[in-house]
Amino acid sequence: MAIPGSDTDTDLLAAVRAGDAAAYGTLYQRHSAATRQLAHSLAPNPADADDLVAETFTNVFAALRAGRGPLVAFRAYLHTTLRHVCYHRARRDRRLEFTDDLTRYDPGEPFLDPALDRLERTFAARAFSQLPARWRDVLWHTEVEGASPAEVAPLLGLTPNAVAVLAHRAREGLRQRYLQQHVATAEQPECRWTGDRLGGHVRGRLATRDTARMRAHLSWCASCRGRLAEIADLDVTRYRPYRQRHHAEPTG
């Protein structure tokens with residue numbers, strides 16, 4: 001039986017994969033308090049937070065027993081899983097409504113879930129930070145400050161049309177990286193390769209060779225097909241075409 005503090009997380013993860021359920025109990029004792037604290041920051045309702053923690057530990061345990069999940073950095077993997085559980089619960093709950101009054105299905109005022117909004121802002125910030133500096137600059141000027149390509153051109157040393165092209169590419173790059181934030185890291189090499197490119201695949205931006213490899217993998221991997229379906233749905237439900245103020249059309 002594993003004794004709390006007697007083994008590293010890496011040792012305990014290996015033991016869980018070998019069938020030692022007690023080792024997972026030790027991991028739970030070590031990391032449940034920090035995980036519960038994160039859950040309460042995402043779901044202020046104590047009952048909802050407890051449900052998030054329970055589902056997260058259950059999902060990670062199932063992954064480990066199936067030969068997946070983390071080899072190292074257990075807490076980081078656990079917290080990433082919790083955020084994904086929170087996100088998908090929020091999306092699922094927003095689709096469920098028990099009513100016999102069909103007249104309520106009108107545009108109305110959209111409901112904004114605070115926990116989901118915080119998580120989406122975190123994903124968006126991470127995606128933005130991963131962009132090349134020049135892409136961040138053009139997005140800041142055009143999207144945040146609302147400047148036109150003609151106004152931004154002197155700042156970047158480009159023509160207005162070149163700014164429009166750069167902004168177009170930067171927005172697409174941001175979109176792909178944003179989608180990638182919703183993809184949990186897989187342990188199997190081919191699943192990890194696939195997961196790292198799902199955002200580009202959804203946006204139709206993969207090279208021909210990578211697209212063929214992606215389709216071949218998805219043809220037999222149900223897990224990766226599930227991850228693809230999730231972010232494809234996200235791309236459709238949350239993406240809105242950009243209305244460009246400048247009349248010059250991107251040429252590339």
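In what order do the elements of the protein run from the N terminus on? Colour the chain by secondary structure and follow it from that end: the elements read α-α-α-α-α-α-α-α-α-α-α-α. The model, which is predicted, thus shows twelve helices and zero strands.

**The whole chain**

Select everything and display the surface. The accessible surface of the protein comes to about 14500 Å², and carbon and sulfur atoms hold 55% of that area. Of the 252 residues in the protein, 38% are buried.

**The largest nonpolar core**

Next, hide the surface and select Y24, L27, V60, L64 and F74. These are the residues with the most contacts inside the largest nonpolar core, a set of 23 residues. Now show α1 (9-17), α2 (21-42), α3 (46-65) and α4 (74-95), each of which supplies at least two residues of this core. Which helix gives the most to this core? That helix is α3, with seven residues. As a general background, nonpolar side chains in soluble globular proteins tend to be buried together.

Centre the view on F74. Setting aside neighbours within four places in sequence, F74 is in contact with D9, L13, Y24, L27, H31, F57, V60 and L64.

**F128 in helix α5**

Move on to helix α5 (residues 114-129), where F128 is placed. Is F128 buried or partly exposed? Its relative accessibility is 27%, so F128 counts as partly exposed. Display the side chains around F128: apart from neighbours within four places in sequence, its contacts are R136, L139 and L174. Then select R171 as well; its C-alpha atom is 9.7 Å from that of F128, although the two residues are 43 residues apart along the chain.

**Helices α6 and α7**

Finally, select helix α6 (residues 133-144) together with helix α7 (residues 149-156). How far apart are the axes of α6 and α7? The axes lie 10 Å apart, and the helices pack at an angle of about 140°. Their crossing is right-handed. Show side chains on both helices: R134, D137, V138, H141 and T142 in α6 meet V152, L155 and L156 in α7. Sorted by class, this contact of α6 with α7 comprises four nonpolar, two polar and two charged residues.

Definitions and conventions: Residues are numbered from 1 along each chain as its sequence is written. This is a predicted model: local features need pLDDT of at least 70, side-chain atom pairs count only at pLDDT 80 or more; totals for chains, interfaces and linings use all residues. Side-chain values use heavy atoms; hydrogens and water are left out. Axes are lines fitted to C-alpha atoms, for helices over the stretch in contact, and angles run from 0 to 180 degrees between N-to-C directions. Helices (H or I, at least four residues) and strands (E, at least two) are DSSP runs, numbered from the N terminus. A crossing is left-handed if the near helix is turned anticlockwise from the far one by less than a right angle, and right-handed if clockwise. Contact means heavy atoms within 4.5 Å. Ala, Val, Leu, Ile, Met, Phe, Trp, Tyr, Cys and Pro count as nonpolar, Asp, Glu, Lys and Arg as charged, and the others, Gly among them, as polar. A nonpolar core is a set of buried Ala, Val, Leu, Ile, Met, Phe, Trp, Tyr and Cys residues joined through side-chain atoms within 4.5 Å. Buried means under 20% relative accessible area, exposed over 50%, partly exposed in between (1.4 Å probe, protein chains only). Accessible areas come from the Shrake-Rupley method with a 1.4 Å probe; for residues, only the protein chains shown count as cover.
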